[in-house]
Amino acid sequence: MAETLVVALGGNALQRSGLPADAQNQLRTVRETAARLVEIMGLAPRMAVAHGNGPQVGRLALQNEAGAGLTPPMPFDVLGAMSQGMIGYHIQQALGDAMGKAGLERGAAALVTQVVVSPDDPAFSNPTKPIGPFYDREAAEALRRGKGFSFREDAGRGWRRVVASPMPLEIVEIGQVKALLGAGFVPVTVGGGGIPVVREADGTLRGVEAVIDKDLAAWRLAEALEADTLLILTEVEQAYLRYGTPQQKALRSVTPEELEGFMREGHFAPGSMGPKAEAALRFTKGRPGRRAVITRLDLAPEGLDGSRGTQVTA
């Protein structure tokens with residue numbers, strides 16, 4: 001049993017591929033996700049939920065640009081806040097309903113959350129975070145020429161726009177998250193990795209153009225909450241070596257040191273499994289008693305009991 005569990009929800013937990021990317025389909029998918037989360041609540045007396053926003057914030061950016069002639073476009077930090085509110089609303093509603101049907105007294109509470117990054121982070125000059133839909137090479141090249149966007153191939157699935165993804169340093173509203181957790185609620189927080197802000201010399205905060213990786217933000221959250229388990233949910237059963245090749249090999253149980261070696265060898269793609277492996281490594285390295293699990297949403301209970309997924313323990 002995990003006394004305190006942080007769950008990082010990937011894109012497939014929020015939006016089903018092959019369906020129209022509208023609000024109704026997102027909520028339908030989130031309701032299925034909420035039912036899975038309720039299944040594992042008996043294994044975690046205290047649980048906090050983090051989530052991504054790559055597809056959603058990418059679509060908001062497209063809407064932003066399309067409407068620029070009618071209304072002033074919003075900066076990327078504001079788009080992040082918009083996506084955080086939208087997704088948080090759906091998770092809060094769906095999880096609350098699912099918990100009520102299961103007879104659970106705990107409720108969910110979505111919290112708009114800021115996350116501090118460094119203005120000198122090298123990520124600002126090397127964008128890697130995929131957002132928005134997938135494009136073929138020709139469409140991506142046309143947008144690069146026409147809009148000046150940066151694109152990268154995403155794990156064999158197509159080309160996606162990429163933006164800066166700086167390292168999360170501090171969760172501004174962590175006190176509020178702890179208060180919600182202590183009162184018995186399930187906080188839904190650091191959505192989309194959190195709204196990226198920098199702290200000025202006088203202590204005030206300023207939003208910046210970036211999207212923080214949600215897995216690394218979930219690691220920061222797990223650290224701040226002194227969690228003993230970090231559950232990273234994604235589209236595959238576990239992490240793999242030489243993924244997508246005839247020599248593909250599943251990783252079932254690894255130490256942080258072994259995982260770090262595989263990362264140095266380049267087995268995990270940036271913007272895909274790379275941040276998940278890094279979050280698992282940072283959470284467990286040198287910390288006996290902690291565990292990170294990487295697996296699919298539908299395998300979450302088995303991931304927590306240790307029978308499925310990639311298990312990372314010191």
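**Exercise 1.** Is glutamate 226 buried or exposed?

*Solution.* A word on the model before we start: it is predicted, so local features need pLDDT of at least 70 and side-chain atom pairs count only at pLDDT 80 or more, while totals for chains, interfaces and linings use all residues. Numbering runs from 1 along each chain as its sequence is written, and side-chain values use heavy atoms, with hydrogens and water left out.

Step 1: Buried is under 20% relative accessible area, exposed is over 50%, and partly exposed is in between (1.4 Å probe, protein chains only).

Step 2: apply them. Glutamate 226 has a relative accessible area of 67%, so it is exposed.

Step 3: Glutamate 226 sits in the loop between helix H6 (214-224) and strand E12 (229-234); helices (H or I, at least four residues) and strands (E, at least two) are DSSP runs, numbered from the N terminus.

Step 4: check the backbone. Most residues other than glycine have a negative phi. Glutamate 226 has a positive phi, near 55 degrees.

**Exercise 2.** Work out whether valine 190 is buried or exposed.

*Solution.* Start with the backbone again: valine 190 is not a glycine, yet its phi is positive, about 40 degrees. Its place is the loop between strand E9 (186-188) and strand E10 (195-199). Now the accessibility: valine 190 comes out at 0%, so it counts as buried.

**Exercise 3.** Describe how helix H1 (residues 23-40) packs with helix H3 (residues 76-101).

*Solution.* Step 1: geometry. The axes of H1 and H3 are 8 Å apart, at an angle of about 45 degrees. Axes here are lines fitted to C-alpha atoms, for helices over the stretch in contact, and angles run from 0 to 180 degrees between N-to-C directions.

Step 1: classify. Angles under 35 degrees count as roughly parallel, over 145 as roughly antiparallel, 65 to 115 as roughly perpendicular and the rest as oblique. H1 and H3 are therefore oblique to each other.

Step 2: list the contact (heavy atoms within 4.5 Å). H1 brings residues including Leu27, Val30 and Arg31, and H3 brings Ile87, His90 and Asp97, among others.

Step 3: sort them. The contact residues divide into 14 nonpolar, three polar and two charged. Here Ala, Val, Leu, Ile, Met, Phe, Trp, Tyr, Cys and Pro are nonpolar, Asp, Glu, Lys and Arg are charged, and the others, Gly among them, are polar.
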